[in-house]
Amino acid sequence: MPTHDMTAARGEPDPAATDECMIDDELISELGADIVTRSADIDPRYFTAYNEAPGPRPRALVRPRSVDDVSRTLALCMRLGQPVVPQGGLTGLARGAFALEGEIVLSMERFTGIESIDVSAGTITVRAGTPLQTVQEAAEAAGFTFGVDLGARGSCQIGGAIATNAGGTRAIRFGMMREQVLGLEAVLADGTVVSSMSRMLKNNTGYDLKQLFIGSEGTLGIITRAVLRLRPKLAAPATAMCRVADYATVVRLWERMRAVPEVVSFEAMWPSFYRYVGSHTPDVLAPFAGEEGFAVLIEYATSAPGCDATETLEACLADSFEAGLIDDAALATSQRQARDMWLLREGLAIDALPNLVNFDVSLPTGELGTFAERCEAALQARWPGIVSLFFGHIGDGNVHIGVSLVELNNTLADELDRTVYAVVQEMGGSISAEHGIGVLKRPYLSCTRSDAEISLMRRLKAALDPKHILNPGKVL
Ligand SMILES: Cc1cc2nc3c(=O)[nH]c(=O)nc-3n(C[C@H](O)[C@H](O)[C@H](O)COP(=O)(O)OP(=O)(O)OC[C@H]3O[C@@H](n4cnc5c(N)ncnc54)[C@H](O)[C@@H]3O)c2cc1C
């Protein structure tokens, strides 16, 4: 989905950075012309974010084929004081993977592949540039399921998903990326390769260094390889959409469903979001067209042999109906119907709204109904008639908001951000549930993090990257 670029902020240019020609030449002489592309020859996709105009052209593009290539690139850039932006599949929604003025891009797209699968340990060892979907398919072929799934699975890379600690639609069952990573290899700003490729669930030998890099959005090191947990293979899921009277009842339904360990997804759509996507998603028939109430998508998937997922979900829904939690329910009877339910929930139809700005915030599940009411009221008070649509991974306390303004410029975008984040801050929530901070949310980090927390982050950054060459102007 598009995000806006009205609040971009960056660090000061590094005075030590060398001129453009010299960097091209130095990189080519160190790594060879196969690895390095000169600025003028870089394809625009490496500097154009989704649904946006091209950004600054990078000074050079480096596409390493090995960990040693990454290490030599960073060692050289450290010596020259040259800022570097790590790039994965470019699906991140905080614009953290794009170069600011005078930076080079290091794309991991060539460092791909599954290195090994350990069936008895239930682990997979992968290179950072491998697409998430390739990992999912390799896991399935070996008799397992990989715990993270999200809409960008075909394009996003494992390294990018780890660097943003991606969440997705199965987080209530398996957790976010952080919970999948057992071991990690990363290259520090000075070129040092830190290999912590543990394959054990238990490894209490001092600081858990991999956690430094998970969710750090390329500011502390470049992730090159990872050992990931695999889960017992899930059989085909059963999917249902339910109509629920109000948010308080959505929470009661969640409390009941949470007790069913095989529920993998619990997603909710506020009435106005559901009405919009129901009437604007081509070729999809919404189960409860035009009606009031919340729409809740529930997915159930089990690894228990002989268990019929559809029958079990149907029984859960019947119980909930009896308990007065559900007004109506539609159980998908084909893959096509299940896909349609997910298409509604993914809500790509709202991308067509004018001047759309997306938010991704979190609060405890029970407080999201009040949050949505307060947020909507604050938006309507400032912009009467504004369109704001709420939906998300409610089981994890994560709501996405699509806001469409009649007019948008830098000042209005900043005011819009501050209006939404003020409500998040008052309620003690997070301004970024799963998309990270990148450039877009950098000015608002203090809405969720205290001065002491931000100061500690800065000390860690200074210790690992004293010349600030790794993704400067992002996160901090
Ligand atoms: C349709 C769609 C649906 C999505 N759904 C979800 C969702 O449900 N949940 C969710 O959490 N996200 C979601 N996202 C966001 C996005 O997919 C994730 O953030 C994704 O995992 C980023 O991976 P990437 O490889 O595209 O990273 P990029 O966009 O290329 O980079 C993201 C950040 O990670 C850094 N980075 C990339 N690779 C490395 C590396 N090897 N080492 C160090 N830093 C690196 C970059 O510098 C940047 O800061 C969605 C995006 C789209 C387009």
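Which residues have the most contacts inside the largest nonpolar core? In this predicted model, they are Ile298 and Phe371, and the core to which they belong has 58 residues. The greatest contribution from a helix comes from α12, spanning residues 410-426, which gives 7 residues to this core. Because domain 1 (238-348) and domain 2 (349-458) both supply residues, the core lies between them.

The surroundings of phenylalanine 371 can be followed in the structure. With its neighbours within four places in sequence set aside, phenylalanine 371 is in contact with Val361, Leu363, Phe390, Val399 and Ile401, and also with Val420, Val423, Val424 and Met427. Another core, of 54 residues, lies apart from the one described above. Among the residues of this other core are Ile23, Leu31, Leu132 and Phe144.

The cysteines may be considered next. The structure holds 0 disulfides. For cysteine 316, the closest cysteine sulfur is that of cysteine 307, and because 9.5 Å separates the two sulfurs, they are too far apart for a bond; a disulfide would require the sulfur atoms to be within 2.5 Å. Cysteine 316 counts as buried, because its relative accessibility is 14%, and buried means under 20%. Cysteine 447 is likewise in no disulfide, the nearest cysteine sulfur being that of cysteine 375, 13 Å away. With a relative accessibility of 15%, cysteine 447 therefore also counts as buried.

Note on methods: Residues are numbered from 1 along each chain as its sequence is written. This is a predicted model: local features need pLDDT of at least 70, side-chain atom pairs count only at pLDDT 80 or more; totals for chains, interfaces and linings use all residues. Side-chain values use heavy atoms; hydrogens and water are left out. Buried means under 20% relative accessible area, exposed over 50%, partly exposed in between (1.4 Å probe, protein chains only). A nonpolar core is a set of buried Ala, Val, Leu, Ile, Met, Phe, Trp, Tyr and Cys residues joined through side-chain atoms within 4.5 Å. Helices (H or I, at least four residues) and strands (E, at least two) are DSSP runs, numbered from the N terminus. Domain bounds come from an automatic or database domain assignment. Contact means heavy atoms within 4.5 Å.
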